There are 2 protein chains.
Amino acid sequence: MSLPIETWAEQVRAGETRAISRAITAIENHTPEAEPLLKTLFPQTGAAYLTGITGAPGTGKSTLVDRLAAHYRKQEDRVGVIAVDPTSPYTGGAILGDRIRMQSHAGDAGIFIRSMATRGFLGGLARATAEVALLLDAAGKRQILIETVGVGQDEIEIVRLADCVVVVLVPGLGDDIQNMKAGLMEIGDIFVLNKSDREGADRLEEQLHAMLSMATPKVDRSSVSDENRWHPPVVRTVATENKGIEKLAEAIARFRTHFESSGERAKKHTEHWRNRLVELIESRILERVLNAAGGEEALNQMAADVAERLKDPFSAVNEILAKSGLQI
Amino acid sequence: MSLPIETWAEQVRAGETRAISRAITAIENHTPEAEPLLKTLFPQTGAAYLTGITGAPGTGKSTLVDRLAAHYRKQEDRVGVIAVDPTSPYTGGAILGDRIRMQSHAGDAGIFIRSMATRGFLGGLARATAEVALLLDAAGKRQILIETVGVGQDEIEIVRLADCVVVVLVPGLGDDIQNMKAGLMEIGDIFVLNKSDREGADRLEEQLHAMLSMATPKVDRSSVSDENRWHPPVVRTVATENKGIEKLAEAIARFRTHFESSGERAKKHTEHWRNRLVELIESRILERVLNAAGGEEALNQMAADVAERLKDPFSAVNEILAKSGLQI
């Protein structure tokens, strides 16, 4: 089982499915091999384009992602799909989900599909998703699609990973659902009106354009001058009938050109790595401090004392830091 | 403006609305006064009972919370409400939401209602929610209701704060929405079938009972012997007509007795404080390390280098730690 890291990395670079799957499992479980593997692969990353597809449950995101992936495969782009969706119909679990998804791309080594459970990752779901994207990047996938339902802070963090954010809406979902729009409006680079053959599509598109024209630009893009500002387009699709997929791919490509030429990509990537570095520092030091302060057992005792109000949490932390001998 | 911490704490203990509001703002913005204030108030906490109310958008959670709060007020329990709901119809922002909510309890000093935005908190939404709950606890609120939409990891973390988790379902939402159930099933201590006068309520209740009888018990309760195991009840309500609210309050009280006598509460609270201590340690050390390593500017330069693949993230972290002089 103890494959040398360099061999393993070589297999990932070659796109070998088993090696990639094992690496993802290592990332998810935060095993000791994950870090040296990612470190070895890191210089081969940076060429992938990450598109986040997000929207309320019932908007048909999964089908849209599937069709978009098929479109990229036709262009001979290698594709990675990461499905992070707690409301996915594949509630039989992530593995079952992968099997169902895989069927339509069976035998195609140019596509790698992975569903990720939405809980229980050591170090957080956003970290795991970011590292899996990095791995697929190293494995030569040029188009990486990340599917996620667009609510919750963790989800927003995942969406921030993406170079391009596609927000999916459908006509006919209840008003309560459409209220989700407010949060999604701010993060969308492209809006998809899926199931656009349904009643109410025209009205929703009108509303959408009205809201977009009023919308304040993203905070981190405020430095861009007005004529260079990206105006999020609305693309109509019927994913189940493969309608509008090409137009969506065109919009994504157009945004890519804009994003890369305006310098926003470099800025966004720097911000992403800043946050990742902070996370890495935190987990590294935490391990050291906890070990020095007596490990999990001492921590649990301290927590029990706080729960019983024998100690306040701030004094407890000071005690732990003092014990760690790190002079902080 | 620079009120002495002890005076401020005294005002919070006395339940003064303005002092509580100011404290919440300090918590949300992570200002320097927040920590000493919470430290001062900490010994007066621990008496509140936290109930989390969660469910998909459109299930009528807000109304249910409002009615339940009114019920507790009739029992002369002081009540705190924390609404953490990105899909809340009050999209005009958290403050507008508070105003709308407040109207039905206007002039009642025994209830404090606060909506929290779902993004942009320094240190995370779960931390802010936990600290606001602690504050309301110190302010003498004995029933604290936390309303949240039940998706996303951050949300799950918030739900974990609660002593009792109420999951709200309604008949007639699309199948896609009901798929959210899968994740919610695991965390519910009590299930509410709201809008139970609607068509499909009987069928949904049957499905719910069937799913509950199959459900595996919560992982952290596996140590509880079978006869002492809590069997989540299903309570039918029509919140808009104030129907079933008393029964819901009874179920919550029954769970409280079970939860406290079985020792699960102490266990859950210890686990909660363990996680909070870790968070506090992380933020404390991080500040120190970053300052020692050259501050935000040095960090951003490092991040830019990583984004350009001049350096891998793991080597960058080692460099920062080496510069911090903490010998980690």
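Reader: Why does His30(A) count as partly exposed?

Author: His30(A) has 15 C-beta neighbours inside 10 Å. A residue with 20 or more is buried and one with 12 or fewer is exposed. The value of 15 lies in between, so His30(A) counts as partly exposed. The model is a predicted one.

Reader: Where is His30(A) placed?

Author: His30(A) sits in the loop between helix 2 (17-29) and helix 3 (34-41) of chain A.

Reader: What is to be noted about the phi of His30(A)?

Author: The phi of His30(A) is positive, about 60 degrees, although the residue is not a glycine. Most residues other than glycine have a negative phi. Lys195(B) is another non-glycine residue with a positive phi, in this case about 50 degrees. Lys195(B) lies in the loop between strand 6 and helix 10 (201-214) of chain B.

Reader: How do you know whether Lys195(B) is buried or exposed?

Author: There are 24 other C-beta atoms within 10 Å of Lys195(B). The cut-off for buried is 20 or more, therefore Lys195(B) is buried.

Reader: What makes strand 2 (residues 79-84) of chain A largely enclosed by the rest of the structure?

Author: Six of the six residues of strand 2 of chain A are buried, which means that the strand is largely enclosed. Val79(A), Val81(A) and Ala83(A) point one way from strand 2 of chain A. Gly80(A), Ile82(A) and Val84(A) point the other way, and all of these residues are buried.

Reader: How do you know that strand 2 of chain A and strand 3 (residues 111-115) of chain A pair?

Author: At least two bridges are needed for a pair. Strand 2 and strand 3 of chain A have five bridges, in the parallel sense, and therefore pair. In strand 3 of chain A, Ile111(A) is the bridge partner of Val79(A). Strand 2 of chain A also pairs with strand 4 (residues 143-149) of chain A, in the parallel sense and over six bridges. Ile146(A), in strand 4 of chain A, is the bridge partner of Ile82(A).

Reader: Why are strand 3 (111-115) and strand 7 (234-236) of chain B called edge strands?

Author: The open sheet in chain B has seven strands with parallel pairing, in the order 3-2-4-1-5-6-7. Strand 3 and strand 7 of chain B each pair on one side only. From one strand to the next, the twist averages 20 degrees.

Definitions and conventions:
Residues numbered from 1 in each chain as written. Chains lettered and ligands numbered in written order. Predicted model: local features only at pLDDT ≥ 70, side-chain atom pairs only at ≥ 80, totals over all residues. Helix = DSSP H or I, 4+ residues; strand = E, 2+ residues; numbered from the N terminus. Axes fitted to C-alpha atoms, helices over the stretch in contact; angles between N-to-C directions.
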